[in-house]
Amino acid sequence: MNNIQNIGKYFMLLKQVLTQPERFRVYTKRVSNEWETIGINSMGIVGILSVFMGAVIALQTASNMDSPLLPKYTIGYITRSSTILEFSPTIISLILAGKVGSNIASEIGTMRVTEQIDALDIMGINSASYLILPKLIAAVTILPFLIIISMALSILGGYFAVTTSNLCSHEEFVYGVRAFFDTGNIVYALVKTMVFAFIIVSVSAFYGYYTRGGALDVGKSSTQGVVWSTITILIANFILTQLILL
């Protein structure tokens, strides 16, 4: 019953968040700050994960190619397809749900327990929109760029892993990356990323916004935000794959 109530409260919060801002200049400045917090500060972990993720995909593909009938360029093809369709948009989003989501939930939760949100409400400010909407806009617009960078670094990681191990030549891997390329896969991945970005921010912010108690409860809200945003991302991934690819 509590989860059903939370779903209702979540959509009511979204309605409050998505109301038209009164002062666009203030929101523009806050969005630019959130671009740095959510996007630029996450580039390091995204880059490291992407390189090693691509390297592991390529090495595992090469090690499992036992049949001599399979051409070597299959390694590059599978590395590209796996990275673009699933690993970069989904795995990186799950990692960012932990990094970005926990930060958002704890930030807003701390403001709630220290009565800063109550002060905004008393001053007649739409606290939900003021605190959450800039984060939503920033995440939805910056995360696709992070995923594009992740795709490129993952393919490069796979390239260096198999070429330096003499499992595949430069020409064969590059041919596999370019073979049977469908631009629709990029669109599919970026659509998923934007949906995941919305989920990460909105779900984490929801648990932070409705935090009650003290510092211990802020930690619980942060954990709940990460757990439920992760679960929601996995469900959305399944639904979007059914709707777009099949």
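Reply: S221 counts as buried because its relative accessibility is 7%, where buried means under 20% relative accessible area, exposed over 50% and partly exposed in between, using a 1.4 Å probe and protein chains only. This is a predicted model, in which local features need pLDDT of at least 70 and side-chain atom pairs count only at pLDDT 80 or more, while totals for chains, interfaces and linings use all residues. Residues are numbered from 1 along each chain as its sequence is written, and side-chain values use heavy atoms, with hydrogens and water left out.

S221 belongs to helix α9. Helices here are DSSP runs of H or I with at least four residues, strands are runs of E with at least two, and both are numbered from the N terminus. The side chain of S221 makes a polar contact with the side chain of T211, at 2.8 Å. A polar contact is a pair of N or O atoms within 3.5 Å; within protein, one must be able to donate a hydrogen and the other to accept it, and residues adjacent in sequence count only if both atoms are side-chain atoms. Setting aside neighbours within four places in sequence, S221 is in contact (heavy atoms within 4.5 Å) with A105, Y207 and T211.

Helix α9 covers residues 215–245, 31 residues in total. From its first C-alpha to its last α9 reaches 44 Å, close to the expected 45 Å; the expected span is 1.5 Å times one less than the number of residues. The buried residues of α9 are V218, S221, S222, G225, S229, I233, A236, N237 and L240. In general, an α-helix has 3.6 residues a turn, so residues three or four places apart point the same way.

α8 has 27 residues and reaches 39 Å from first C-alpha to last, close to the 39 Å expected. α8 is mostly covered, with 19 of its 27 residues buried. At its N-terminal end, α8 is capped by D182, which has a side-chain oxygen 3.0 Å from the backbone nitrogen of G184.

One is S202, which sits in α8 and counts as buried because its relative accessibility is 3%. The S202 side chain reaches the backbone oxygen of I199 at 3.5 Å. Apart from neighbours within four places in sequence, S202 is in contact with Y10, L14 and L136.

The other is G208, also found in α8. G208 is buried, since its relative accessible area is 0%. Leaving out neighbours within four places in sequence, G208 is in contact with A105, I108, G109 and R112.
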